[in-house]
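These notebook entries record what I looked up in the structure.

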Amino acid sequence: MACVASVTACGGGGGYNAPAPVASSSSSGSVTSSSLSSSSSSSSTSSASSSSNSVVALKSLVATWGFPIGVAVGGPQDGDNLFSTAQRQTVVSSQFNSVVAGNIMKMSYLEPTQDTFTFANADALVTYVQSNAGMVLHGHTLIWHADYQVPTFMKNFAGTPSEFDAVLMNHVTKVATHFAGKVVSWDVVNEAIDESQSNGWRRSVFYTSSGNSSVFIEHAFTAARLADPGAKLFYNDYNTEWSTAKLNFLLAMVDDFKNRNIPIDGIGFQMHVRIDFPSIAAIKAALQAVVAKGLLVRISELDVAVNAGNTLTSLDLTTSVTQKQRYHDIVKAYLDTVPLAQRGGITVWGLVDGQSWINQPGHPDWPLLFNDNYSTKPAFDGIAEALQGL
């Protein structure tokens, strides 16, 4: 997947069959939350400052529940660079109490050549988080298979499985040690399951270089725990909110880890969903299955695609209202199903529609909470109302 110009989703769609992310132009539709109210201005060109000052802050609502609500942000190499404007930083800090790096904490960004680490961009994000009282940073991700973010030295590794394991665990240990005390949690391993394979494991470079074995997963969790005992450790994947086969394989992995005392604290459901799929009943059942294992549950990469059939050229009011209800129902399902003590948080995968990985040339979409001018959409209100019990 390309990642330079857009937030890159970890699941390649997570149930939404979109092409790989590429540079995206601004979205052509703009529907604000205020356009649904006769007492509010219907303008879709309000500034970020007026938008953020005129709507309730999500972080203030989630404080009632006591778990993080976050957003994925970009770094200097990304089109959605958090540091590109003060305006963007203000919207993020005013609305969210958690952030996740879309790219800059991934493997090739932190260790481009073997045992040479480049932490500057990720450290800048740490500084931003620490400068905003009450904000936390979730680490994403120590191990992920996507080609663009696997360093060449790992792709071309020619040693034995045990030698590869040493190289991979060196990455996990040094990165987790560097950020110890600076992150509250990690996606330790991302998308290692492929239920279409006979034994359930993705044939990634990590799997094949480990001797066609999934042992690298448990080694990574163990190494991460040793490097940062205070961080919560998550396994993160897509389609688990509707694919029974994938979810069951994941649950079996959890049972195996618990039986053998492999440290794991929680599961991330990416939740890249469509406006009409999967059902809320399926989502609740999947969340409940992980709750029953006693683990923390995150909705880790939430977005709601509205144009899977590529029939829309702009975001109309009817679709916006439907999307608002969809966001509301997903958050309500989370609140209804996951006990407070097991809520690892909710993260929306990007800030504005035009920079979403789903929004593509020739296939526009509007999956997020904010228009490109940072005005809130009805989707924003859907989350806000769910958090208020409405």
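**Cavities.** I found 2 cavities of 30 Å³ or more in the structure. On a 1 Å grid over the protein atoms alone, a cavity is a set of points where a 1.4 Å probe fits but cannot get out, and lining residues have an atom within 4 Å of a point. Grid points are joined across faces, edges and corners, and the volume is the space filled by probe spheres set on the points. I noted about 40 Å³ for the largest cavity. Its lining consists of I143, W144, H145, V189, N190, E191, A192, S204, F206 and F216. Strands β3 and β4 each give at least two residues to this lining. I sorted the lining into 6 nonpolar, 3 polar and 1 charged, with Ala, Val, Leu, Ile, Met, Phe, Trp, Tyr, Cys and Pro as nonpolar, Asp, Glu, Lys and Arg as charged, and the others, Gly among them, as polar.

**Basis.** The model is predicted, and I required pLDDT of at least 70 for local features and 80 or more for side-chain atom pairs, while totals for chains, interfaces and linings use all residues. Residues are numbered from 1 along each chain as its sequence is written, and side-chain values use heavy atoms, with hydrogens and water left out.

**Confidence.** The mean pLDDT (the predictor's confidence in each residue, from 0 to 100) is 89, and 87% of the residues reach 70 or more. Over residues 11–28 the pLDDT is below 50, and I noted 55 contacts in the model for this stretch beyond near neighbours in sequence. A contact means heavy atoms within 4.5 Å. Residues 37–53 also stay under 50 in pLDDT, with 25 contacts beyond four places in sequence.

**Overall.** I recorded 13 helices and 9 strands, taken as DSSP runs (helices H or I, at least four residues; strands E, at least two) and numbered from the N terminus. Of the 390 residues, 59% count as buried, meaning under 20% relative accessible area, with exposed over 50% and partly exposed in between (1.4 Å probe, protein chains only).

**Largest pocket.** I defined a pocket as an open set with protein on both sides within 12 Å along at least five of seven lines. The largest pocket holds about 200 Å³ of space. It is lined by 18 residues, of which P68, V184, S185, R343 and G344 are the closest to its centre. The largest share of the lining, 5 residues, comes from β9. I counted 8 nonpolar, 7 polar and 3 charged residues in that lining.

**Helix α7.** I checked the length of α7 (residues 161–178): at 1.5 Å a residue its 18 residues should span 26 Å, and the end C-alpha atoms, 26 Å apart, agree. The expected span is 1.5 Å times one less than the number of residues. Its buried residues include F164, L168 and V172. Among the elements covering the buried residues of α7 are β3, β4 and α9.

**Helix α13.** Why is α13 largely enclosed by the rest of the structure? I found 9 of its 10 residues (378–387) buried, so the helix is largely enclosed. The cover over its buried residues includes α2, β1, α3, α12 and β9. Just after α13, G389 takes a positive phi of about 75°.

**Loop residue P76.** I located P76 in the loop between β1 and α3. P76 is partly exposed, with a relative accessible area of 46%. Leaving aside neighbours within four places in sequence, P76 contacts N81 and N121.
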